[in-house]
Amino acid sequence: MSVAFRSSALEKVQEIFRRYPDRRAAVIQLLHLAQEEFGYIGPEVERYVAELTQVPPVFVHQVLTFYGMFRTQPAGRHHIKVCRSIACHLMGATSVLEYLEKKLGIRAGQTTPDGRITLSTVECLGACELAPMMQVDDDFCGPLDEQRIDEVLEKLK
Ligand code: FES
């Protein structure tokens, strides 16, 4: 099976190429677009982005795997995004992430085997007053401690 953007996304591709004439600089924008379109960036999508930008596939792979915001596997039914920017970091984001990884049995960037939850890390979500915080689907949760995390996880069926 081969992948391809819909025509509306192809128009965005052309816009990206106008803004970033250096195709290497366009790769990260195309990966964002690909994730929006396909949900995650598997090997086929990775090759497709390399074809579109005409840069070596290894370069696309390096960009893809360097940044934590790209998913390389299908997302779960729920998506937890733990903020690790400065305010959340100072308030214990590392412990929050470690606790979630232990409870869910996965690492950041992975999805539980039952497809229930995807766990990611993100940069500041603009809700620093809730630090340490996470976004769960469309909701912000915080300040977090282990009890609050347990309550949130309990509701994610
Ligand atoms: S630093 Fe976490 S929401 Fe701003």
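Me: What makes the chain one of two domains, and where do domain 1 and domain 2 lie?
Reply: The assignment places domain 1 at residues 7-66 and domain 2 at residues 78-155; such bounds come from an automatic or database domain assignment. The centres of the two domains, taken over C-alpha atoms, are 28 Å apart. The model is predicted, so that local features need pLDDT of at least 70 and side-chain atom pairs count only at pLDDT 80 or more, while totals for chains, interfaces and linings use all residues. Residues are numbered from 1 along each chain as its sequence is written.

Me: How many helices and strands are there in the chain?
Reply: The chain has seven helices and four strands. Helices are DSSP runs of H or I with at least four residues, strands are runs of E with at least two, and both are numbered from the N terminus. Along the sequence they follow the pattern α-α-α-α-β-α-α-β-β-β-α. The C-alpha atoms fill a box of roughly 50 × 30 × 25 Å along the principal axes.

Me: How do you know what span is expected of helix α2, and what span does it reach?
Reply: The expected span is 1.5 Å times one less than the number of residues. Helix α2, residues 23-38, has 16 residues, for which 22 Å is expected; from first C-alpha to last it reaches 21 Å, which is close to that value.

Me: Where does α2 bend, and by how much?
Reply: The bend is at Q29 and amounts to about 30°. This angle lies between two fitted axes, one for the seven residues ending at the given residue and one for the seven starting there. After α2 comes G39, with a positive phi near 90°.

Me: Which residues of α2 are called buried, and what do they pack against?
Reply: The buried residues of α2 are A26, V27, L30, L31, L33 and A34. A residue is buried when 20 or more other C-beta atoms, placed from the backbone, lie within 10 Å of its own, exposed when there are 12 or fewer, and partly exposed in between. These buried residues pack against α1 (7-19), α3 (43-53) and α4 (57-66). In the chain of 157 residues, 24% count as buried.

Me: Why is Q54 called exposed?
Reply: Q54 has 8 other C-beta atoms within 10 Å, and the limit for an exposed residue is 12 or fewer; therefore Q54 counts as exposed. Q54 is in the loop between α3 and α4. Its phi is positive, about 60°, although Q54 is not a glycine.

Me: What makes D137 exposed?
Reply: D137 has 10 C-beta neighbours inside 10 Å, so D137 falls in the exposed class. This residue belongs to the loop between β3 and β4. D137 is not a glycine, yet its phi is positive at about 55°.

Me: What is the order of the strands in the open sheet?
Reply: The four strands stand in the order β2-β1-β3-β4, with mixed pairing. The edge strands, β2 (117-122) and β4 (139-141), each pair on one side only. Neighbouring strands are turned against each other by 25° on average, direction ignored.

Me: How do you know that β1 pairs with β2 and with β3?
Reply: Two strands pair if DSSP finds at least two bridges between them. Strand β1, residues 78-83, is joined to β2 by six bridges, and these strands run parallel. Three bridges join β1 to β3, and here the strands run antiparallel. H78 stands opposite I117 in β2. K81 has S120 as its bridge partner in β2 and Q135 as its partner in β3.

Me: Which strands does helix α6 lie across?
Reply: Helix α6, residues 93-104, lies across β1, β2 and β3 (134-136), and runs at about 150° to β1. Angles go from 0 to 180 degrees between N-to-C directions, with axes fitted to C-alpha atoms, for helices over the stretch in contact.

Note on methods:
Two residues are in contact if their C-beta atoms, placed from the backbone, lie within 7 Å.
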